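The sequence and the coordinates are shown first, and the description follows.

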Amino acid sequence: MSSAEVELPAFPAVARDAGSAAFFDAAARGVLLVQRCTSCATVLTPEARTCLSCGSVDLDAAEAAGLGRLVSWVVVRHAPIPALAGAVPYLSAVVELDEGPWLMVRLIEAGSAEIHADARVQVDFVRSGAEENTGELLPVFRLTASDVVSDVGPEVAEGSA
Amino acid sequence: MTSAAIAGLGITELGKVYGRSATSLAAEAVRLAAADAGLPLSAVDGLLVSSGNKQDVGIQLANVLSTGPLGVCATMNAFGATAGVMVASAAKAIAAREATTVACVFADAPLKPKESAGTAYGSPRFNSREIAGLGGWSLAGGAVNPNILYAMCARRHLERYGTTSEQLGAIAVAQRAWAAHNPLAAMRDPITIEDHQASRWIAEPLHLLDCCLVSNGAVAVIVTAGDRARDLEKPPVHVWGWGQAHEVRRMHAGSDWGLVTPAARSGPAALRMAGIGVDDVDIAELYDCYTYTVLVTLEDYGFCPKGEGGSYVEGGRLAPGGKLAVNTGGGQLSAYYMWGMTPLSEAVIQARGEGGARQAPRNDILMVSGNGGILEHHSTLVLSPHARELPAEVTA
């Protein structure tokens, strides 16, 4: 592999598009934007097109509290695609938000010894890309410190992990 | 009428077969299957076509083969569940008198010289240079290929039930022991649990030896009426039952994605149709894109209770000489990766008693699974060398 690939950022630069502008605007404010079904109020992933409870396609944007639990995770040591060459090793996880939806996200700053199913997690935001090619802020998750009381809400930090 | 039967099996050269299109391989497999049945190609009046991720074999295969008039002709794709779905569709078409002799074929040629298997099977969705929108966020999330997604499923089982990587390894070790006696198998050198544990991580908790091969090649079967198959060249393999079930990933609280698969509906349906129970099964040829797929399918089919798959596969139970003959040709882990045609082809060989040094001691009832998506699509066949009357509801 070339030296250029070694210097790739941990999070490839992600650009916004028309369908994701509100999501990334919210991320820039430290808010994780998901969706809520206008018919039955089920909270859904940002990507959902149909309510999995009632079948409605009328979905509104909704702010998630950013807290949840770990459903599953995988340790990836070899880049599965060139764009993730700067990311490895990384943790890819399924997180269940307290509001219900499951997100497939990066889990940052977690050592494998402390990870277990149902561990409490909270959202964080990292800048994608690097100096020359900076992208949007991306929602990621981290383990919630065991001494953090859940009713104080998520600690939202802006910046690069 | 009697059940439908598989009367012919055609397998091309498999593995690193370069310089041939998937369509050319498909045509050869159909010709071989017809010849195996002792039938001229002109006897084939039904054609069901399937191919790999690139979906690059179509019903133009009929033109390539210069078939005669066809009563049935279609491409089918239920991912790894396709082979079982094709055979069930052929059996139904024969019962409905739409066709008498249906060729079902799978062909794929993803491997290229000087390219890794992983690259050959990379997801086209994430190969684009532009990384944008919610899809870009998803890409950055890193769960970008089946290795990682199946590892996500396996991790749930490990966490929930205490299943271990060594128990997954027991599946790989048993299958390699079967493969040692399969001349079609790509990987025949015996392996140990230690080898499994020492093999590199592909996506932790999955090691290299938890993952299937990638192969070029094609496999076809000829399905016809059971009473007709009796008069043909090879011993018929009767189709006693079938099932399919599909359940897309539910990404929400309460989801059992990865822990319970549609096999839990498809398997019992096929057994019910066959009029037997899971304890009657002599040989299970189970779709094994990963070791974990075998474990979860054994549970969902009812070979053992949910959560006990890990201890069930220990102690050589699935290996030659074990209590249940599973993936007797080495499967996709050790022999060849032809999607659902891998377990189906080996089932036909075993049902005929043509397994040679790897022939299982009993072959009265065989159960064959297909699995696709990320444990989202499933098909089941129950096969036997013995004829059986079709239940009335199928012929009605």
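In chain B, Ala284(B) has Val326(B) of strand E10(B) opposite it. The model is a predicted one, in which local features need pLDDT of at least 70 and side-chain atom pairs count only at pLDDT 80 or more, while totals for chains, interfaces and linings use all residues. Residues are numbered from 1 along each chain as its sequence is written, and chains are lettered from A and ligands numbered from 1 in the order in which they are written.

**The sheet of chain B**

Helices (H or I, at least four residues) and strands (E, at least two) are DSSP runs numbered from the N terminus. Strand E9 (residues 283-285) of chain B runs parallel to E10(B), and two bridges join them; two strands pair if DSSP finds at least two bridges between them. These strands belong to an open sheet of 10 strands in chain B, with mixed pairing and the order E3-E2-E4-E7-E1-E8-E12-E11-E9-E10. At the edges stand strand E3 (72-75) and strand E10 (325-326) of chain B, each with a single partner strand, so one side of each has no neighbour in the sheet. Helix H1 (residues 22-37) of chain B packs on the sheet and touches strand E1 (4-11), strand E2 (46-51), strand E4 (101-108) and strand E7 (217-225) of chain B. The direction of H1(B) makes about 125° with that of E1(B). Contact between two residues requires C-beta atoms, placed from the backbone, within 7 Å, and axes are lines fitted to C-alpha atoms, for helices over the stretch in contact, with angles from 0 to 180 degrees between N-to-C directions.

**A helix pair in chain B**

Helix H10 (residues 263-274) and helix H11 (residues 291-301) of chain B pack at an angle of about 55°, their axes 8 Å apart. H10(B) and H11(B) are therefore oblique to each other; angles under 35 degrees count as roughly parallel, over 145 as roughly antiparallel, 65 to 115 as roughly perpendicular and the rest as oblique. From H10(B), Ala263(B), Ala264(B) and Gly267(B) meet Thr297(B), Asp300(B) and Tyr301(B) of H11(B). This contact of H10(B) with H11(B) comprises three nonpolar, two polar and one charged residue. Ala, Val, Leu, Ile, Met, Phe, Trp, Tyr, Cys and Pro count as nonpolar, Asp, Glu, Lys and Arg as charged, and the others, Gly among them, as polar.

**The contact between the chains**

Chain B brings 32 residues to the contact and chain A brings 40 residues. On the side of chain B that touches chain A, helix H5 (133-141), helix H6 (146-161) and strand E5 (201-203) of chain B each supply at least two residues. H5(B) gives the most, with eight residues. That side of chain B divides into 16 nonpolar, 10 polar and six charged residues.

**Backbone features**

Ala41(A), a residue other than glycine, has a positive phi near 70°. Ala41(A) is partly exposed, with 13 other C-beta atoms within 10 Å. Ser66(B), also not a glycine, has a positive phi of about 50°, and with 9 C-beta neighbours inside 10 Å Ser66(B) counts as exposed. A residue is buried if 20 or more other C-beta atoms, placed from the backbone, lie within 10 Å of its own, exposed if 12 or fewer, and partly exposed in between.
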